Amino acid sequence: MADTTASGPSCLEKLKSYVKTPKGFILAAEILISFIIIICYAASHYGGYSAVAICEMIFSMVFFGIFMMELDKQIQVVNWVWTDLFRAGIGAVLYIITSLICVIGGAGDGARIAGGVFGLIAGLLFGYDTYTIFQQIKSTRQHAAASTDDRV
């Protein structure tokens, strides 16, 4: 008979342990704040601004799943660090732009203003994520500097 015991950690155990890492915490916070922004924009008169929050939440969930399951180490075709840098950088810029538009032009629509304020916080969070990824890239480039070997 086959052994029915699991050989590795379960998905729930991987989730719990990954959320405790700095990158996992940032991605989980990005997913949560994007969900809050979707709710705020859905309650406002102008629901069209929720497109940025929906896209960024989906992208954050995809990267959370990839990094949690360590698929980035198995799928070597994509440079996941640079892809994550572009995701976080574009998300920060889009959140800041749409949030400023909502906060400035949202007079009389409290849900739109609340979504804009949460969007500014999300822009800062995505910006911080971009900064941490950039520092990671910078540190790996310094460690992989050119060899000082004299042989030609």
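What follows is a walk through the model, one selection at a time.

**Before you click**

This is a predicted model, in which local features need pLDDT of at least 70 and side-chain atom pairs count only at pLDDT 80 or more, while totals for chains, interfaces and linings use all residues. Numbering starts from 1 along each chain as its sequence is written, and side-chain values use heavy atoms, with hydrogens and water left out.

**The whole chain**

Colour by secondary structure: there are six helices and zero strands, where helices (H or I, at least four residues) and strands (E, at least two) are DSSP runs numbered from the N terminus. The order from the N terminus is α-α-α-α-α-α. Buried residues (under 20% relative accessible area; exposed is over 50%, partly exposed in between, with a 1.4 Å probe and protein chains only) make up 33% of the 152 residues. Of the contacts (heavy atoms within 4.5 Å) between residues at least 6 apart in sequence, 73% join residues at least 24 apart.

**The UniProt spans**

Now select 24–44, 50–68, 88–107 and 113–134, which an unreviewed UniProt entry lists as "transmembrane region". UniProt positions follow the numbering used here, feature names are shortened, and annotations may be inferred rather than shown by experiment. Residues 50–68 are 100% helix and 0% strand, with end C-alpha atoms 26 Å apart. Residues 88–107 come to 90% helix and 0% strand, and their end C-alpha atoms lie 29 Å apart.

Centre on I37. Leaving aside neighbours within four places in sequence, its contacts are A53, Y95, G115, F118, G119 and A122.

Next, pick S60 in helix α3. Is S60 buried or exposed? S60 counts as buried because its relative accessible area is 0%. Not counting residues up to four places away in sequence, S60 touches L27, E30, I31, R87 and F126.

Hop to I39 in α2 (residues 22–43). With a relative accessible area of 46%, I39 is partly exposed. Draw a C-alpha to C-alpha distance from I39 to S50: 8.4 Å in space, for 11 residues apart in sequence.

**The largest pocket**

The largest pocket has a volume of about 250 Å³. Its closest lining residues to the centre, of 13, are K23, F67, D84, I133 and Q136. On a 1 Å grid over the protein atoms alone, a pocket is an open set of points where a 1.4 Å probe fits, with protein on both sides within 12 Å along at least five of seven lines; lining residues have an atom within 4 Å of a point. Grid points are joined across faces, edges and corners, and the volume is the space filled by probe spheres set on them.

α6 gives the most to this lining, with four residues.

**Last stop: E70**

Select E70, in the loop between α3 and α4 (71–74). E70 has a positive phi of about 60 degrees although it is not a glycine. E70 is partly exposed, at a relative accessible area of 44%.
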